[in-house]
Amino acid sequence: MLRLSYDEDRVLKLQSVARTDVGRKRQINEDAFFRDDQRGFYVVADGVGGHNKGEIASREAVDQLRSWVYGAARDLDALVERMVSGKAECVWEICCLFESGVKSACYMVYGMAELDPEKRGMSTTLSALLIRGNMAFAVHVGDSRVYRVRGTTVLQMTEDHTLINYKVKHGMMTKAEAEKASGKNVITRAVGHKDYVQVDTVDIDVDSGDRFLLCSDGLHGYFNTDREVADLCADGSLEECAEAAVALANQRGGKDNITALVVEALS
């Protein structure tokens, strides 16, 4: 878990824009997203391709996590208040609360699939961001991503849960080999595949002017460098950023559904 300092005196205003597109090859958009600037809560999910009812899995996972976060609003507000007053241990508690919401969503999606043969095997990626008290908290399962863009500096907050990334991380394959390898979309974790899932969490500071990009692999799969993320998101209106992101993915093939959710923090 990444932990950085925070400034207890600043209050940031949040604004966001999202765009989603079926792409040029698919018939159904299995991506789902949600954004709430007032609560600083954002989610992108991508129904796992080739499994039954991926669009239902992604939508249900987003709805379940939203219900969890809203239901825990009082506890969350209390933790944020304590964090801002200097209780550093509350950072960990907020991450745990957020993580529990993803695990609850996983259990519910799995349960729905078990009850309906037509939904058997459905699952989804899930990447969510919560911005509170000048800190950003991310939870993540699968290969959707969350980036922080600070000027021209890009930080990928999430790590892809894919077979290729696993092999590279454990020295079984070089990055050069991974670029040419097949099976890049084989994920190793998904919400709903089983009744339990391991969830990654990360916390990081937020400054005025920072932008965040949450996106499905239908977008980030076409990024050649982090510089392209900065070029898309560092400036211009949020609407222009999101629309340019979708256009880039379609221009480069549009082989999958495309979702881009851009968030900006301002003082």
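This is a predicted model: local features need pLDDT of at least 70, side-chain atom pairs count only at pLDDT 80 or more; totals for chains, interfaces and linings use all residues.
1. Arg 211 forms a salt bridge with Glu 264, and the closest N and O atoms are 3.3 Å apart. Glu 264 lies in strand β10 and Arg 211 in strand β9 (residues 211-215), so the pair ties together parts that are 53 residues apart in sequence. Glu 264 also counts as buried, at 11% relative accessibility.

2. Now step back to the whole chain. You will find eight helices and ten strands in it. For 267 residues, a compact globule would have a radius of gyration near 18 Å, and the chain agrees with its 18 Å. Along its principal axes, the C-alpha trace spans about 50 × 45 × 35 Å. Of the 267 residues, 51% count as buried. The chain exposes about 12600 Å², with carbon and sulfur atoms supplying 47% of that area. Among contacts with a separation of 6 or more, 73% are between residues 24 or more positions apart.

3. Strand β4 (residues 126-132) deserves a careful look, as seven of its seven residues are buried. In a regular strand the side chains alternate between the two faces of the sheet. Here Leu 126, Ala 128, Leu 130 and Arg 132 point one way, while Ser 127, Leu 129 and Ile 131 point the other way, and all are buried.

4. What are the partners of β4? On one hand, strand β3 (residues 41-46) pairs with β4 in the antiparallel sense over four bridges, and Val 44 stands opposite Ser 127. On the other, seven bridges join β4 to strand β5 (residues 135-141), again antiparallel, with Ile 131 opposite Ala 136. The hairpin of β4 and β5 has two residues between the strands, and Gly 133 takes a positive phi near 55° there.

5. Is Asp 36 buried or exposed? Asp 36 is buried, because its relative accessible area is 12%, under the 20% cut-off. Leaving aside residues up to four places away in sequence, Asp 36 touches Phe 41, Tyr 42 and Tyr 70. From Asp 36 to Asp 46 there are ten residues in sequence and 19 Å in space, C-alpha to C-alpha.

6. Salt bridges come next: a search of the whole structure finds 18. One of them joins the side chains of Asp 256 and Arg 26 (3.3 Å, N to O). This pair links distant parts of the chain, 230 residues apart: Asp 256 is in the loop between α8 (238-251) and β10 (258-266), and Arg 26 in the loop between β1 (13-21) and β2. Asp 256 is buried at 13% relative accessible area, whereas Arg 26 counts as partly exposed at 34%.

7. Another salt bridge brings together the side chains of Arg 150 and Asp 205 (3.4 Å, N to O). Arg 150 belongs to strand β6 (residues 145-150) and Asp 205 to strand β8 (residues 200-205), 55 residues apart. Arg 150 is partly exposed at 28% relative accessible area, and Asp 205 is buried at 17%. Both take part in a network of salt bridges that links Arg 148, Arg 150, Asp 205 and Asp 210.

8. Finally, turn to the surface. Leu 163, Tyr 166, Met 172 and Val 186 make a nonpolar patch of about 370 Å². Met 172 sits in the loop between α4 (163-169) and α5 (175-180), and counts as exposed at 52% relative accessibility.

How values were computed:
Residues are numbered from 1 along each chain as its sequence is written. Side-chain values use heavy atoms; hydrogens and water are left out. Patches are made of residues with over 30% relative accessible area and no salt bridge: like charges are joined within 9 Å, nonpolar side chains (Val, Leu, Ile, Met, Phe, Trp, Tyr) within 5 Å. Accessible areas come from the Shrake-Rupley method with a 1.4 Å probe; for residues, only the protein chains shown count as cover. A salt bridge is a side-chain nitrogen of Lys or Arg within 4 Å of a carboxyl oxygen of Asp or Glu. Buried means under 20% relative accessible area, exposed over 50%, partly exposed in between (1.4 Å probe, protein chains only). The radius of gyration is taken over C-alpha atoms; the globule rule is 2.2 Å times the number of residues to the power 0.38. Contact means heavy atoms within 4.5 Å. Two strands pair if DSSP finds at least two bridges between them.
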